Amino acid sequence: MRRYILLGAVLLGLAGCGSKEKAETTRILLHWHFAGPGALEQVSDPAETKRLWSRPETRALWNQTLDKLARAPRHWGLDPNATAPLLRPLLSDLFETEHAFQWVERGGQEAEWILAVRLAPEKRGRWQTNLYQVLGSWTRQDPAPDPASGGWRWTAPAGSGVEQILVALREDWLLMAGGPRGNDSLARAWLREIQARHRPLPPSTQHWARLRVDWPALGRRLPPWLRDLDLPLTDTLATTSGERLQFRTELQFAQPHGWQPVPWLFPSNLIREPLVGFCAMRGIAPRLQPWMERAGLKIFPTPNQFCAWSLASAPFQIFAAVPVNDPTNTMRELCRVLPPWFNTNSQGRALGWWVVPTNFPAIIWDGMPFFGAYCRPVSEPAGQGFIFAGLFPNNAKSQPPPPALYEEILSRTNLVYYDWELGGERVRSWQLLSQVALLLADRQQLAPTTAGAHWMFMLTTNVANVGTSLVVTGPRTMLLTRTAPLGLTGLESVLLAHWLEAPGFPWSWDWPAMPQPKRRSSTNATPRQTR
């Protein structure tokens, strides 16, 4: 009898080990927690951020974005005219209160997601009623009661990525969860946390928002261009620094990143005032090498750093420099590969040509009405060579940049990337460049009367310094820090405004083609009089 008892205990122990091993295969693909607007003020008082957020241009773009998001379920076959009035007030509530979202994967196959929203008593009824109507329209069925949670359950349509939807209210929290049929362990876990601690997640005390993304685990779900970036897991905390927002993103690599510091090399004779932006990055060779091989470029050794800067004199005064050992022969290799590639892929478009002069190794972007881009080899007096590129002629050498700019970079031995800019000036430049890019791509431009255009124009005179840095913190970790009034650089602000104004937002970035000129009908044309 004792043998059977012992055998049973061993089997139970093995079963327990198996369950633990299965639990360990659970991966959090995405985690988002917004502590609410009040948490931002508890961390500090970001006066500059609050001032920009309260501007009428920002509020108009924000309200327009919520209006569009309320109509986004048309992507799933819902009538936007029927669902938008139900979802719009919920979206307003969502960003005015604490909420959390989590998406997990179990066993590499099954996925669950959950949204928890903390609601005041007067808003709970509206959320339940509106969600029930929207989910009823989507699933075309009445919900079934779920006794375990006290909520309701819908069977999701085929092809929606989940098999069931659960909506439940527990204390101050409304939970909405999706996942495979018969497996809602994530929802059960959050409901137990609320029952025990009155909230699904621990409260945040040092930040007002957190976003954790496991990019490697999301690999097969990402579009090819994003998958090719091979991003590590990122964990971002949003806090404040003085009067501005600060985002601190830890990059967690699965394997040692192998980054090694190399001496910074700057083309000091080419970098001149009046600077409105400067960035530099080193240790790029391991990332750059696969792209060069794919393009057929044979440059040895692989370039390992670069710097770029912009001037206030003209919006097209953007320059970049890459230090190389042999600038002339490196330029010859670029001339061998890049112009044929560009000229072949730009046929039929108003993009001009990349031309190689007969007497000098360089690339000239010919046939462009707005700027005269170029790429050529240069050498500093000390002998260091660079590949130098620009969209517009450089200023005459007069005043060099302040020494503090270089000191900020040279003083940190673990610095991988540095970027500083005057945000308003860069918004102005990138806005003009974006219009030129759309024109050359035969796409409609952003109308000056849109909310996005008004918002960008407001930023040009209201955003000052924006700073970004990436430093090594360990063999498998790096830390990216961004300090800015709204958390965005000039380029990011312009890209965001165009996406928010895109006709297919939020599902598409595409801008419609330019309308073709109308041709006069031959039937209506006045016949030519003959003599």
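## Reading cavities, helix packing and backbone in this model

Mentor: Let's start inside the protein: the lining of the largest cavity has seven nonpolar residues, four polar residues and no charged ones. Please keep in mind throughout that this is a predicted model.

Trainee: Which residues line the largest cavity?

Mentor: You can find them in the structure above: G423, V427, L459, V463, A484, P485, L486, L488, T489, G490 and S493. Two helices, α12 (423–440) and α14 (490–501), each give at least two residues to this lining.

Trainee: And what volume does the second largest cavity have?

Mentor: About 50 Å³. Its lining is made up of E112, Q164, I165, L166, A177, G178, G179, N183, D184 and A187. At least two of the lining residues come from each of β6 (164–170) and β7 (173–179). Sorted by class, the lining of the second largest cavity has four nonpolar, four polar and two charged residues.

Trainee: What about pockets? How much space lies in the second largest pocket?

Mentor: A pocket is open, whereas a cavity is a space that the probe cannot get out of. The second largest pocket contains about 350 Å³ of space. There are 17 residues in its lining, and those nearest the centre of the pocket are W430, L433, S434, A437 and L438.

Trainee: Which element gives the largest share of the lining of that second largest pocket?

Mentor: Helix α12 does, with seven residues. Both α12 and α14 supply at least two residues each. By class, the pocket lining has 15 nonpolar residues, two polar ones and no charged ones.

Trainee: Let's turn to helix packing. What describes two packed helices?

Mentor: Two things: the angle between their axes and the distance between the axes. Take helix α5 (residues 80–94) and helix α6 (residues 121–139), whose axes come within 9 Å and cross at roughly 135°. That angle makes α5 oblique to α6. The crossing of these two helices is left-handed.

Trainee: Which residues of α5 and α6 meet?

Mentor: On the α5 side they are L86, L87, P89, L90, D93 and L94, and on the α6 side K123, R126, W127, N130, L131, Q133 and V134. This contact divides into eight nonpolar, two polar and three charged residues.

Trainee: At what angle do the axes of helix α4 (residues 56–70) and α13 cross?

Mentor: They cross at roughly 150° and come within 9 Å. Angles over 145 degrees count as roughly antiparallel, and α4 and α13 are therefore roughly antiparallel to each other. Here, too, you can read the handedness: α4 passes α13 in a left-handed crossing. From α4, the contact uses E57, T58, A60, L61 and Q64, and from α13 it uses A451, G452, H454, W455 and M458. Five of the contact residues of α4 with α13 are nonpolar, four are polar and one is charged.

Trainee: While we are among the helices, what does G136 touch, leaving aside its neighbours within four places in sequence?

Mentor: G136, found in helix α6, is in contact with Q141 and W154. From G136 to T155 is 19 residues in sequence and 9.9 Å in space, C-alpha to C-alpha.

Trainee: Last topic: the backbone. What should I expect of phi and of peptide bonds?

Mentor: Most residues other than glycine have a negative phi, and most peptide bonds are trans. With that in mind, look at H198, a non-glycine residue with a positive phi near 70°. H198 sits in the loop between α7 (185–197) and β8 (209–213). D442 is not a glycine either, and its phi is positive, about 60°. You will find D442 in the loop between α12 and α13 (451–459).

Trainee: And where in the structure is P274, which a cis peptide bond joins to E273?

Mentor: P274 lies in the loop between β10 (244–252) and β11 (275–282). Omega for the bond joining E273 and P274 is about 5°. Another cis peptide bond runs from F505 to P506, with omega near 0°, and P506 is in the segment after α14.

Methods:
Residues are numbered from 1 along each chain as its sequence is written. This is a predicted model: local features need pLDDT of at least 70, side-chain atom pairs count only at pLDDT 80 or more; totals for chains, interfaces and linings use all residues. Side-chain values use heavy atoms; hydrogens and water are left out. Axes are lines fitted to C-alpha atoms, for helices over the stretch in contact, and angles run from 0 to 180 degrees between N-to-C directions. Angles under 35 degrees count as roughly parallel, over 145 as roughly antiparallel, 65 to 115 as roughly perpendicular and the rest as oblique. A crossing is left-handed if the near helix is turned anticlockwise from the far one by less than a right angle, and right-handed if clockwise. Contact means heavy atoms within 4.5 Å. Ala, Val, Leu, Ile, Met, Phe, Trp, Tyr, Cys and Pro count as nonpolar, Asp, Glu, Lys and Arg as charged, and the others, Gly among them, as polar. On a 1 Å grid over the protein atoms alone, a cavity is a set of points where a 1.4 Å probe fits but cannot get out, and a pocket is an open set with protein on both sides within 12 Å along at least five of seven lines; lining residues have an atom within 4 Å of a point. Grid points are joined across faces, edges and corners, and a volume is the space filled by probe spheres set on the points.
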